[in-house]
Amino acid sequence: MRKQIAAANWKMNLTYQQGEQLLDDVLNAKIALKENQLAIFAVPFPYLIMANSEITEEKNYFVAAQNCYSKKSGAFTGEVSGAMLADVGCQYVLIGHSERRSLFHDDLALTALKFKAAQEAGLIPILCVGETQTQRENGETEKVVNAQLDAVLTLVGINAFKQAVIAYEPVWAIGTGLTATPEQAQVVHAYIRAQLMKNNVDIGRAIRILYGGSMKAENAASLLAMPDIDGGLIGGASLDATSFLAICTAAVNSK
Ligand code: PEP
């Protein structure tokens, strides 16, 4: 049975105090995550130590960074290595989020190198893939997602996906209030799984594929009910304890 994951992506939001309060509120709600379910908080770098100390007693809760660099150390002013993240208790890291790809020029090759570096540091990468509105309208969704997957597969090989999570995030749905319908999302999730299963049936079947793109309390249950959707990567709705908890509850109650 694949693990359901509710992963919060705070992006560059919240003060330190607000972040601490939000974590307290979520943890105090004592959501009964089942054995196979996880909640992950992708927080800004300066909050990682605080977030890790907040969740340290909690079995199913983990902390993620939102990015890491592809090199182990050196003269890379402003960058943070996977080893540094692991050092402060981080277990997961977002790789290739669409905002990294579009705003910070993380191209296919760099994203693949970051994925590799994260794993070499002992982190579990959450690889984000997804098409823009224009690419969808041009019928290029599969081609785009496949190229994003393939760049990583070519560099690290299928076995690396044993210790990885994928997030399908249609760019047109991120932060826009537009959400893919459960059926639209399921088609792409099934495609991603099939692509991985072509390389290794067991790994493709076992990998968790999250949906991201304006997931909220109102639409979480129907998305999470889809057979190939194994959780959510949640931006805006993760900044409010009540709405994030509602999504966690939907995950607890889903298949
Ligand atoms: C995201 O940032 O990964 C995301 C899915 O954002 P939102 O939920 O706000 O669309």
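At 60% relative accessibility, Lys 59 counts as exposed (buried means under 20% relative accessible area, exposed over 50%, partly exposed in between, with a 1.4 Å probe and protein chains only). The model is predicted: local features need pLDDT of at least 70, side-chain atom pairs count only at pLDDT 80 or more, and totals for chains, interfaces and linings use all residues. Residues are numbered from 1 along each chain as its sequence is written, and side-chain values use heavy atoms, with hydrogens and water left out.

**View 1. Lys 59 and Glu 35 form a salt bridge.** A salt bridge is a side-chain nitrogen of Lys or Arg within 4 Å of a carboxyl oxygen of Asp or Glu. Here the closest N and O atoms are 3.2 Å apart. Lys 59 lies in the loop between α2 (48-55) and β3 (61-65), and Glu 35 in the loop between α1 (16-28) and β2 (37-42), 24 residues apart. Helices (H or I, at least four residues) and strands (E, at least two) are DSSP runs, numbered from the N terminus. Glu 35 is exposed, at 63% relative accessibility.

**View 2. Arg 2 and Asp 230 meet in a salt bridge through their side chains.** The N to O distance is 2.8 Å. The pair links distant parts of the chain, 228 residues apart: Arg 2 is in the segment before β1 (4-9), Asp 230 in the loop between α10 (217-224) and β8 (231-234). Asp 230 is buried, at 2% relative accessibility.

**View 3. Asp 106 forms a salt bridge with Lys 114.** Their closest N and O atoms are 2.8 Å apart. Asp 106 is buried at 3% relative accessibility, and Lys 114 is buried at 2%.
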